Amino acid sequence: MMDYATLLQLLDSTLRLATPLLLACLAGLYSERAGVFDIGLEGKMLVAAMCAGAVAFYTGNAWVGALAGIAGSLIFALIHGVTSITFRGNQLIAGVALNFLASGMTVLVAQSLFGQGGRTPPLEGAARFNPIELPFAEALSGVPLLGPLYSDVISGHSILVYAAFAIVALTWWVLYRTRYGLRLRAVGENPAAVDTAGVSVVGLRFSAVMVTGVLCGLAGAYMATALQAGFGKEMTAGRGYIALAALIFAKWRPVQAMYACLLFGFFQALALRPDVVQAVVQVKVPVPFLDALPYILTVLVLAGFVGKAIPPRAGGEPYVKER
Amino acid sequence: MDRLPRWADVALVPFVSLTLAAIISALVIIAIGQDPWEAITVMVQGSVMNAYGWGYTLYYATSFIFTGLAVTVAFHAGLFNIGGEGQAQLGGLGVAMALLFIPWPHWTIALAAAACGAALFGAAWAAIPAYLQAKRGSHIVITTIMFNYIAASLMIFMLVDVLRPPGKMDPATANFPEAAHLPSFNEIPGLNLIFTSGVPANVTFFIALAMAVVVWALLWRTRLGYQIRAFGKSEPAARYAGINPTRIIMIAMLISGGLAGLMAINNVMGEAERLLGNSASGAGFIGIAVALMGRNHPVGVVLAALLFGFLFQGGAELGLWTKIPIELRTVVQGLVILFTGALDMMVRMILIRIFAVFRGRKLEAA
């Protein structure tokens with residue numbers, strides 16, 4: 001079996017690894033709830049990671065880097081919006097296109113700026129979001145069981161980790177307790193009704209796509225300036241798609257999205273510690289199997305074996321007023 | 001007036017989209033401080049100005065014809081198969097299974113066996129997403145994306161833990177037997193007069209062309225093809241006409257997956273002659289761009305595949321001879337998908353305006 005310290009270590013990396021998933025997942029939630037499918041989360045994260053890594057290096061300030069990441073991601077979100085809302089193009093194809101564009105552009109730009117094979121130079125000091133010690137972490141670490149949980153797992157992450165979890169609450173509130181949230185959900189289910197009520201479908205959807213851009217920007221900035229020290233080629237490594245999987249797993253709801261991302265983050269943490277997995281289940285589990293678990297689970301959910309996932313009804317459909 | 005003449009629809013729209021993609025690519029090259037003219041010169045020099053370059057261009061094009069046709073067949077049934085990459089990787093596994101354990105006497109028989117293995121494994125990998133779409137209503141785009149990742153993990157597992165020969169470090173199978181070697185262009189009598197040095201393009205190219213004809217015949221000359229296209233145009237209408245949706249979704253996706261899998265006889269059997277990690281190396285995704293650019297017609301797919309073959313070989317030359325990173329081709333790929341796929345409507349709207357202006361003048365003159 002595994003001891004308490006190992007479990008705490010696992011949970012600690014779960015929180016760190018779940019954060020980019022959670023930010024990207026919440027990003028996708030806004031867009032998809034408004035009826036715009038977004039499989040371009042991966043690309044937006046990647047662009048944001050490159051912008052954040054590069055600007056944080058030049059300015060030595062992680063906050064300025066994060067703003068640059070958000071700006072980069074917003075440009076891609078804008079292209080997605082113009083393509084799929086203004087020109088009523090195929091949202092899925094637009095997402096695929098943006099992912100390739102991001103994959104190539106980030107390397108091209110990073111290579112021309114730094115000449116290090118498409119990486120940004122390593123970041124240190126204030127150019128990164130560094131761990132924050134929560135109050136009383138030191139003092140409480142002596143308390144049995146809960147003390148180490150607080151000081152080792154909950155305390156000691158970067159500000160973006162706490163921000164991500166705060167955004168879960170914020171998203172819940174916006175979605176279910178504000179007029180904007182009501183309209184957002186409505187425009188994803190029945191845009192014609194929203195239009196009849198005199199609210200702009202195009203405006204609402206654009207605002208949602210922009211929020212997606214901001215949150216993907218944070219996710220990318222976290223990758224380059226908190227989780228790792230700089231941008232590397234293809235560093236998001238499919239996290240945008242895992243976030244998409246989590247979003248479906250959570251059936252497009254914010255609090256459930258948090259649980260899904262924690263679960264998938266836990267799988268990622270396990271994949272880094274195959275020795276622990278082997279000790280617990282007493283069988284050698286191949287690492288690729290752990291890597292594939294989030295995707296397998298999502299397929300099972302999609303298949304309706306773990307409760308049916310029904311997407312927003314108008315998702316993927318461009319809105320045509322005349323119809 | 002809101003329709004384009006047929007010639008404009010078939011030729012002008014893709015041409016304008018491609019031009020837009022090219023202009024933006026040139027701007028990107030300028031933005032990173034390089035010379036677009038130098039880039040295009042190097043690309044043309046290295047890919048189509050000599051037989052050696054053609055040997056690579058046609059090799060890449062062969063793979064893209066298969067994956068482009070795969071996406072095309074699914075598109076006609078109204079299904080967006082993003083899973084070509086995973087299906088092509090599984091196709092590679094099928095090729096390896098067919099060649100590693102049985103000593104085939106001649107390459108022709110080995111090719112037939114490998115093609116069956118490749119198509120079978122590729123189709124099998126498409127079958128689950130197809131079934132889930134048909135029976136449980138799960139969105140095929142999402143499931144095929146998930147299956148790409150599951151395929152990648154499965155292939156790592158197979159290569160590292162199962163098929164890797166004992167004592168070897170790199171995750172790859174043993175070399176296929178000598179008898180399973182496919183003739184390259186430089187080994188085919190007649191063609192070897194043109195291709196004098198060793199090139200990866202091989203007999204599979206002709207199979208790819210044949211498959212393009214088969215796909216055309218299937219879609220436009222058979223009852224099944226008619227049903228597939230009818231289903232893709234309007235599911236309720238097809239249902240009303242007595243077409244069984246489950247059957248069409250399954251068959252279209254099995255054909256699509258099989259075609260994507262078939263790609264493996266080009267790269268795994270024809271070129272690497274053993275199964276390596278990440279064997280499809282993005283060709284499955286390029287199939288999306290190829291199908292969109294080829295306007296989902298086999299002739300267009302072949303032409304678009306040639307163009308992407310040029311882009312791929314030319315892009316590799318860029319990485320060798322200039323300071324422009326090889327990733328430029330991913331950028332171009334993204335732009336082509338964006339303009340020919342997602343911004344199709346924008347290009348059309350612009351062209352319709354222009355045509356309207358010209359017609360207006362004609363009317364005035366009359």
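**Figure 1. Chain B as a whole, built from helices.** In this predicted model, chain B has 15 helices and zero strands. Its radius of gyration is 22 Å, close to the 21 Å that the globule rule gives for 366 residues, so chain B is as compact as a globular protein of that length. If you follow the C-alpha trace along its principal axes, it spans about 80 × 55 × 40 Å. Of the 366 residues in the chain, 52% count as buried. Take the contacts in chain B with a separation of 6 or more: 75% of them join residues 24 or more positions apart.

**Figure 2. Where chain A meets chain B.** Here 40 residues from chain A come into contact with 37 residues from chain B. On the chain A side, α3 (62-86), α4 (91-114), α11 (239-249) and α14 (287-302) each supply at least two residues. The largest share, 16 residues, comes from α4(A). Sorted by class, this side of chain A has 26 nonpolar, twelve polar and two charged residues.

Figure 3. Look for Leu160(A), Val161(A), Ala164(A), Ile167(A), Val168(A) and Thr171(A), which are buried. These residues cover an arc of only 115° around the axis, which puts them on the same side of α7(A). Helices covering the buried residues of α7(A) include α1 (4-33), α10 (201-227) and α12 (254-272) of chain A. Now turn to the other side of α7(A), where Ala166(A), Ala169(A), Trp173(A) and Arg177(A) are exposed.

**Figure 4. Arg88(A), a loop residue with a positive phi.** You can find Arg88(A) in the loop between α3 and α4 of chain A. Its phi is positive, about 50°, although Arg88(A) is not a glycine. Is this residue buried, or is it partly exposed? Arg88(A) is partly exposed, because 16 other C-beta atoms lie within 10 Å, and a residue needs 20 or more to count as buried.

**Figure 5. Asn296(B), a loop residue in chain B.** Asn296(B) sits in the loop between α12 (283-293) and α13 (298-321) of chain B. This residue is not a glycine either, yet it has a positive phi of about 55°. Asn296(B) has 20 other C-beta atoms within 10 Å, so it is buried.

Methods
Residues numbered from 1 in each chain as written. Chains lettered and ligands numbered in written order. Predicted model: local features only at pLDDT ≥ 70, side-chain atom pairs only at ≥ 80, totals over all residues. Contact = placed C-beta atoms within 7 Å. Helix = DSSP H or I, 4+ residues; strand = E, 2+ residues; numbered from the N terminus. Nonpolar A, V, L, I, M, F, W, Y, C, P; charged D, E, K, R; others polar. Buried ≥ 20, exposed ≤ 12 C-beta atoms within 10 Å, placed from the backbone. Arc of directions from axis to C-beta. Rg over C-alpha atoms; globule rule 2.2 N^0.38 Å.
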